[in-house]
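Please look at the chain shown below and follow how its helices pass one another.

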Amino acid sequence: MKSISKSMDPDEAAQAFFGQDDKAFSEMLKKLTMNDPRLTAVFQRTRERFLDSQNS
């Protein structure tokens, strides 16, 4: 995920996080869920729903 110094609205933040390519998202997810791997499934399901809503 790119570092951005300006404030983003929630939709922009969601796009920046969940809209990353698969490799970048996987790398970020690995860092975020290092201490609690149960979160992996939560992030993956949320990303799937986000991407589905973008395609609708």
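A crossing of two helices is called left-handed if the near helix is turned anticlockwise from the far one by less than a right angle, and right-handed if it is turned clockwise. With this definition in hand, the reader may turn to the model, which is a predicted one. Here α1 passes α3 in a left-handed crossing. On the side of α1, the contact is made by Ala 14, Gln 15, Phe 17 and Phe 18, and on the side of α3 by Phe 43, Thr 46, Arg 47, Phe 50, Leu 51 and Gln 54. Sorted by class, the residues of this contact comprise 6 nonpolar, 3 polar and 1 charged.

How do the axes of α1 and α3 cross? They come within 10 Å of each other, at an angle of roughly 115°. Because of this angle, α1 is described as roughly perpendicular to α3.

The next pair is α2 and α3. Helix α2 covers residues 22–32 and helix α3 covers residues 39–55; their axes come within 10 Å and cross at roughly 150°. The crossing of α2 with α3 is right-handed. In this contact, Asp 22, Phe 25, Leu 29 and Leu 32 of α2 meet Thr 40, Phe 43, Gln 44 and Arg 47 of α3. The contact of α2 with α3 contains 4 nonpolar, 2 polar and 2 charged residues. Within it, Leu 29 may be followed individually: apart from neighbours within four places in sequence, Leu 29 is in contact with Thr 40, Phe 43 and Gln 44.

Which residues make up the largest nonpolar core? This core has 5 residues in all, namely Phe 17, Phe 18, Phe 25, Leu 29 and Phe 50. Helix α1, which spans 10–18, and helix α2 each supply at least two residues of the core. In soluble globular proteins, nonpolar side chains tend to be buried together.

Two further residues show how burial is judged. Thr 33 is found in the loop between α2 and α3. Is Thr 33 buried or exposed? Its relative accessibility is 7%, and so Thr 33 counts as buried, since the limit for a buried residue is under 20%. Leaving aside neighbours within four places in sequence, Thr 33 is in contact with Leu 39, Thr 40 and Phe 43. Lys 31, by contrast, lies in helix α2 and is exposed, because its relative accessible area is 61% and the limit for an exposed residue is over 50%. From C-alpha to C-alpha, Lys 31 and Arg 45 are 17 Å apart in space, and they are 14 residues apart in sequence.

Methods
Residues are numbered from 1 along each chain as its sequence is written. This is a predicted model: local features need pLDDT of at least 70, side-chain atom pairs count only at pLDDT 80 or more; totals for chains, interfaces and linings use all residues. Side-chain values use heavy atoms; hydrogens and water are left out. Axes are lines fitted to C-alpha atoms, for helices over the stretch in contact, and angles run from 0 to 180 degrees between N-to-C directions. Helices (H or I, at least four residues) and strands (E, at least two) are DSSP runs, numbered from the N terminus. Contact means heavy atoms within 4.5 Å. Ala, Val, Leu, Ile, Met, Phe, Trp, Tyr, Cys and Pro count as nonpolar, Asp, Glu, Lys and Arg as charged, and the others, Gly among them, as polar. A nonpolar core is a set of buried Ala, Val, Leu, Ile, Met, Phe, Trp, Tyr and Cys residues joined through side-chain atoms within 4.5 Å. Buried means under 20% relative accessible area, exposed over 50%, partly exposed in between (1.4 Å probe, protein chains only). Angles under 35 degrees count as roughly parallel, over 145 as roughly antiparallel, 65 to 115 as roughly perpendicular and the rest as oblique.
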